[in-house]
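Thanks for making time this morning.

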Amino acid sequence: RLSMIVTDPVEHRIFRQPRLRPLADVAVTFLVDTSGSMKQQRYEAAAVLVDTYAQALDLAGASVEILGFTTRSWAGGKAAEAWRAAGSPAGPGRVAEVEHIVYKDADTTWRRARRSIGAMLSVHHYREGIDGEAVTWAYRRLLAREASRRLLVVVSDGAPMEAATSAANRTGFLDDHLAAVAAAVDARGDVELGALTLDADVSGVFRRSRLVDLDGTLGLGHYEALADLFS
């Protein structure tokens, strides 16, 4: 009966009204540091902040991904064991098992991804940082998205730290690698890279960066930080 009423061009018992639906031609990726030090930086508040960002962007019609990065084990794991078995050659680069986490992929709505986003509140996988590789990984995923504007937001507590790689390479290797990756992304110009940092100043690494204080209650200023980052 309803279908007859809807399809009848002379029927006046049903009305239609146009509705504006927001559609943002933008793809946003949040790359969240899930290293052990983040457990000291109110990771719960950071998770709520990123979750709220994702919900708002999803409602605005933007494509949103939430990714995480850490290591699969402490002290390098099998990668460090293999390096030592090979005679510990100098300058090996990364000697740790990397772990990439997809809390929410770009094709899943925020509503359907709520349970997996909640995994950020579980700290059993918070180990060590693989910042440089993680930025490269997130950048490549974001580059595959069709959008007129692509934003990559790193959420971290400061400088990268991973014990096995730091000990096996020269001093400053991890910091220099992250800085080189960030500079390369900026030079390409196809992705806008920025960082929301929870502790240290990372303006020397990321051209766009904002310090976010999570010691108090989340307020309007915390949510405006994302707009300020890319304004």
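Let me begin with H12, which is exposed at a relative accessible area of 64%, where exposed means over 50%, buried means under 20% and partly exposed lies in between, with a 1.4 Å probe and protein chains only. H12 sits in the loop between α1 (2–7) and β1, and its C-alpha is 42 Å from that of A27, although the two are 15 residues apart in sequence.

Before going further, a word on what we are looking at: this is a predicted model, in which local features need pLDDT of at least 70 and side-chain atom pairs count only at pLDDT 80 or more, while totals for chains, interfaces and linings use all residues. Residues are numbered from 1 along each chain as its sequence is written, and side-chain values use heavy atoms, with hydrogens and water left out.

Staying in that loop between α1 and β1, we also find A24, which is partly exposed, with a relative accessible area of 26%. A24 and R13 are 11 residues apart in sequence, yet 35 Å separates them in space, C-alpha to C-alpha. If we leave aside neighbours within four places in sequence, A24 is in contact with A60, G61 and A62, contact meaning heavy atoms within 4.5 Å.

Stepping back to the whole chain, the secondary structure comes to 8 helices and 6 strands; these are DSSP runs, H or I over at least four residues for helices and E over at least two for strands, numbered from the N terminus. Along the sequence the pattern reads α-β-α-β-α-β-α-α-β-α-α-β-β-α. The C-alpha atoms fill a box of roughly 85 × 35 × 35 Å along the principal axes, and 45% of the 231 residues count as buried. Among contacts with a separation of 6 or more, 76% come from residues 24 or more positions apart.

Which residues touch the most other members of the largest nonpolar core? They are F30, I66, M120 and V153, in a core of 35 residues, where a nonpolar core is a set of buried Ala, Val, Leu, Ile, Met, Phe, Trp, Tyr and Cys residues joined through side-chain atoms within 4.5 Å. The elements giving two or more residues to this core are β1 (26–33), α2, β2 (63–71), β3 (98–104), α4 (110–117), β4 (149–156) and α8, and the largest share, 9 residues, comes from α2. Apart from this core lies another, of 23 residues, including A27, L31, Y139 and L152. As for F30, not counting residues up to four places away in sequence, its contacts include V50, Y53, A54 and L57, as well as V153 and L226.

Helix α2 (residues 43–59) and helix α8 (residues 220–229) pack at about 60°, with axes 11 Å apart; the axes are lines fitted to C-alpha atoms, for helices over the stretch in contact, and angles run from 0 to 180 degrees between N-to-C directions. The two helices are therefore oblique to each other, given that angles under 35 degrees count as roughly parallel, over 145 as roughly antiparallel, 65 to 115 as roughly perpendicular and the rest as oblique. On the α2 side the contact is made by L49, T52, Y53 and L57, and on the α8 side by H222, Y223, A225 and L226.

The second pair is helix α5 (residues 131–143) with helix α7 (residues 173–188), at an angle of about 20° and with axes 8 Å apart, which makes α5 roughly parallel to α7. Here D131, G132, E133, V135, T136, Y139 and L143 of α5 meet H177, L178, V181, V185 and R188 of α7.

L143, in helix α5, is partly exposed, with a relative accessible area of 29%. Beyond its neighbours within four places in sequence, L143 contacts R150, R188, D190 and V191, and L143 lies 10 Å from T29, C-alpha to C-alpha, across 114 residues of sequence.

Lastly, two backbone details. Most residues other than glycine have a negative phi. A75, in the loop between β2 and α3 (77–85), has a positive phi near 55°, and S88, in the loop between α3 and β3, has a positive phi of about 50°.
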